[in-house]
Amino acid sequence: MKNYLLLALLTISPLYMRAASIDYTNPLLPYDYSDPDVCRVGDTYLMTSSSFSNVPGLQILVSKDLIHWQLADAAIRYVLPGYEQGDPVLGNFVWAPSIREHNGILYIFYGDPDRGIYCLRADISDGLRFPLRWEQPVLVIPAKGFIDPCPLWDDDGRVWLCHGVAGSRYGLKSVLMMAELSEDALSVKTPSRIIFDGHGDHPTCEGPKMFKRNGYYYILHPAGGVATGWQVAQRSKEIYGPYELRVTLAQGRTSVNGPHQGAWVETPDGQSWFFHFQDVGTAGRIVHLQPMRWVDDWPVMGNNGEPVATYGHPKKNNKPWAHFAHRDEFDSTTLSLDWQFAGGRIEPRWFFCDAVNSLLRLFSAPRNDEMMPNMLLQKIPAVAFTATARVRFQPNQHKKMQGAEQAGMIVFGRKSFIVEAPADGEWCYLRLKMSATQQGQFYTSRDGKHWTSSGEPFQAVEGYWTGAQVGLFCTRDNRQFNDAGWLDIDWFELAL
């Protein structure tokens, strides 16, 4: 890589133009919100991220101050677009979305590496009322290997789409492409063509985000790979280029490896901020926030192009993300958006939200060659935590089903670890203690006071493009029978 960073930034004054009430410590969200994108609608900020094979997919977080975020919606609720029974799912489907508002419509574009570029829309002309009423997804560009799309509505009404390509499907990588879309952004007017070749100085360029400012078209994107790469800013007066570029954010002397793709967002009073992720392995791709300013129509991020660890005067022991760890009493008729199934869809036979008795019942479902499809999972935080559940497992009592079913707690990744609940229909407690380096140990208890370790300590393993996940399962082998056993969950608690 040429030293564009030093050439561009050595003469720029230190970047600490503090805004009132913006005080935080990175990572802003130490959870696996991979490839985050953010937009502002009025005074509200919306974030979405890659969800891969997890459903509900395209979770949407909401904030009023850029610092404190709450889960508010999911654009894909039940089944992933294009999914068919038997499809390989892990690491596939929903890659690197962009979220944008235009003329009272909220758009999410994302790339499915095996199917093409999809768009989902929701009418928000009457305001943001969650859950939003999302239209059915539209396959805008059917194409194997097209990923990481981002739209731009131009001043003259034309609609552009910049995107990357996946070498594993397309046979080419390290290029960015541009296409023109129809006025409603749901079909293609002109086919994609390459506008940037990153081979050489900026290999593995991907994840482009498009903007227009002061007459320039901007493409902000990472290059150099997830673990060791850097952020690039490109600009041109013409949509197809040629583009000039600078490196705007790199690890430098910090511990933030490969500050990767994200989003520029502007506050109502004109301040600029940049979100990006950092790949920390087992805990996934966690979210950072960088101050940003413009110098000679170039974005400058962080502290002179290096990621900041803190900004303003963050208060000790006041983590803005602490509210994400909580206790679920299962007293609703619907599942909280914290929970996701990893198998590409949700089937109605898998669970019952028994609000009357304030519990969740998971019914056993057959395993397949790839996974247990009815695992109920949450993201793990990139810090030490404890997960505890009060459960009872009642397997099917028919003699044909003896030994067919298992249930308990799981840490799910490329390699998974479980602790089984006793198959006696009695209440018990399951617990996972995880260190900040994702070393885990399971425990069991009958009374919630006296605990016995279960199995050996283990090192958790990341998933397929995701961090490890923790949750509960109820499964069985492929014996055919007309009924299922179940796991009742009284409560589940994730504590930091």
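**Questions on strands and rings**

Modeller: In this predicted model, Val159 stands opposite Leu181 in strand β12.

Colleague: What makes β11 and β12 a pair of strands?

Modeller: Two strands pair if at least two bridges are found between them. β11 and β12, the latter covering residues 175–181, are joined over 6 bridges, so they count as paired. The sense of this pairing is antiparallel.

Colleague: How do you know that β10 also pairs with β11?

Modeller: The cut-off is again at least two bridges. Strand β10 (residues 146–153) is joined to β11 by 6 bridges, so this pair qualifies as well. These two strands run antiparallel, and Pro151 stands opposite Leu161 in β11. β10 and β11 form a hairpin with 5 residues between them, and Gly157 in the turn has a positive phi of about 90°.

Colleague: Why is Met409 called buried?

Modeller: The relative accessibility of Met409 is 0%, and the limit for a buried residue is under 20%; therefore Met409 counts as buried. Met409 is found in strand β30 (residues 405–412).

Colleague: How many aromatic pairs are there?

Modeller: The count comes to 24 aromatic pairs. One of them is formed by Trp264 and Trp294.

Colleague: Why is the pair of Trp264 and Trp294 called edge-to-face?

Modeller: Ring centres must lie within 6.5 Å, and planes over 60 degrees apart count as edge-to-face. The centres here are 5.1 Å apart and the planes are at 70°, so the pair is edge-to-face. Trp264 lies in strand β18 and Trp294 in strand β20, so the pair ties together parts that are 30 residues apart in sequence.

Colleague: What makes Arg390 a charge over the ring of Trp427?

Modeller: The distance limit is within 6 Å of the ring centre, and the charge must also be within 35 degrees of the ring normal. The charged end of Arg390 sits over the ring of Trp427, 4.4 Å from its centre. Arg414 lies over the face of Tyr464, at 4.2 Å from the ring centre.

Note on methods
Residues are numbered from 1 along each chain as its sequence is written. This is a predicted model: local features need pLDDT of at least 70, side-chain atom pairs count only at pLDDT 80 or more; totals for chains, interfaces and linings use all residues. Side-chain values use heavy atoms; hydrogens and water are left out. Helices (H or I, at least four residues) and strands (E, at least two) are DSSP runs, numbered from the N terminus. Rings of Phe, Tyr and Trp (its six-membered ring) pair if their centres lie within 6.5 Å; planes under 30 degrees apart count as stacked, over 60 as edge-to-face and the rest as tilted. Buried means under 20% relative accessible area, exposed over 50%, partly exposed in between (1.4 Å probe, protein chains only).
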